[in-house]
Amino acid sequence: TRSTSTSLDPHSFRVLFSAQEDFAMADFGDDQAMEIECLQSIYFDEFSELSDSPHSFRIKVEPQDLDEGPMKSRYTINLDFILPDAYPTVVPQIEVKSRFMTSSEIDQIKSSLLQLAADSLGDQMIFPLVEKSKEMVTEFACMPQDMHAEMMSRRKQEEAAEEALQESMASAAASAEQEDQDECSRLGAAEREERRLHGTPVTPETFAVWRAGFEQEMKEKEERENAAELASLAAAGPPRLTGRQLFESDMSLANSDSIALAEGDDPPAE
């Protein structure tokens, strides 16, 4: 594979790129395109462009100073980068892909790259990230097998301990929450029993609340009774008057009798 990356360091790359000081959003696209062009000139066949919107590409990374063989193949990786619009003021998306490395080894590389990227915000960082990953895969490949196995075993133990700690913390949190709920339930039951035995203590505040509710209840009851009485009267029709009530209400009946007496009409003969 053709490559000249071993002759450059991060400082030389930044000089080659000549990064501008102005990181205005309108300039990010041009800056990214220039950085990608530089990466293509450095990595040649190891570089593959995946997309130009957003800018994404892949760089193949192999262990250095190692003859062709199983160890070199095992620790050869592909780095996939996606550059957000605001790159390099934000961290690029990074994926580490390998056919033979363990997930623990891949996670270790990715964690180191993300930390380096966070420390490099504001600068063009792809070249330093690739070189860092190249150092790590070379270290893995050149490490004696027993040492490598020991390191992987220790890392698995650390991960298992971390997972156990997280589970323990989650269990403790759940237990504390359950205890709080049980305590609230006990307090609620005790309060209800206290009210049942002794009633609710009367204070000016509780009396005012009770009185307002009682007056509202009486008002609603009166309104319902009045409405029912009016409905009953409407259904029965107008009331029938007694003779006296009829006489008092119609004075023409009394006047007709007075007129008849004044004219001296005799009663009809039998």
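Does Phe140, at 3% relative accessibility, count as buried or exposed? Phe140 counts as buried, because its relative accessibility is 3% and the cut-off for buried is under 20%. Please keep in mind that this is a predicted model.

Phe140 sits in helix H5, which covers residues 126-142 and has 17 residues. From the first C-alpha of H5 to the last, the helix reaches 24 Å, close to the 24 Å expected at 1.5 Å a residue. H5 is mostly covered, with 13 of its 17 residues buried.

The structure holds six aromatic pairs. In one of them, the ring centres of Tyr75 and Phe140 are 5.9 Å apart and the planes stand at 35 degrees, so this pair is tilted. The pair links distant parts of the chain: Tyr75 belongs to the loop between helix H3 (70-74) and strand E3 (77-82), while Phe140 is in H5, 65 residues apart. Tyr75 counts as buried because its relative accessibility is 0%.

Another pair is made by Trp210 and Phe214, whose ring centres lie 5.2 Å apart with planes at 10 degrees, so the pair is stacked. Here both residues lie in helix H7 (residues 204-236), four residues apart, which is about one turn of the helix. As background, an α-helix has 3.6 residues a turn, so residues three or four places apart point the same way. Phe214 is partly exposed, with a relative accessible area of 35%.

The two pairs can be set out like this:

| Ring pair | Centre distance | Plane angle | Type |
|---|---|---|---|
| Tyr75 and Phe140 | 5.9 Å | 35 degrees | tilted |
| Trp210 and Phe214 | 5.2 Å | 10 degrees | stacked |

There is also an aromatic cluster, formed by Phe47, Phe57 and Phe81.

**The sheet**

Now to the strands. Four of them make an open sheet, ordered E1-E2-E3-E4, with antiparallel pairing. Strand E1 (47-52) and strand E4 (93-97) are at the edges, and each has a single partner strand, so one side of each has no neighbour in the sheet. From one strand to the next, the twist averages 15 degrees.

How many bridges join E1 to strand E2? Five bridges do, and E1 and E2 (residues 55-61) run antiparallel. These two strands form a hairpin with two residues between them. Across this pairing, Asp52 stands opposite His55 in E2, and Glu49 stands opposite Phe57 in E2.

On to the next pairing: E2 and E3 are joined in the antiparallel sense over six bridges, and Arg58 stands opposite Asp80 in E3. Five of the seven residues of E2 are buried, so E2 is largely enclosed by the rest of the structure.

**A contact across the sequence**

One more residue to look at is Ile42, found in helix H2 (residues 25-43). Ile42 counts as buried because its relative accessibility is 2%. Where does its chain position put it relative to Phe127? Ile42 and Phe127 are 85 residues apart in sequence, and their C-alpha atoms are 9.2 Å apart in space.

Methods: Residues numbered from 1 in each chain as written. Predicted model: local features only at pLDDT ≥ 70, side-chain atom pairs only at ≥ 80, totals over all residues. Heavy atoms only, no water. Expected span 1.5 Å × (residues − 1). Buried < 20%, exposed > 50% of the residue type's maximum accessible area, 1.4 Å probe, protein only. Phe/Tyr/Trp six-rings, centres within 6.5 Å; stacked < 30°, edge-to-face > 60°. Pairing = 2+ DSSP bridges. Axes fitted to C-alpha atoms, helices over the stretch in contact; angles between N-to-C directions.
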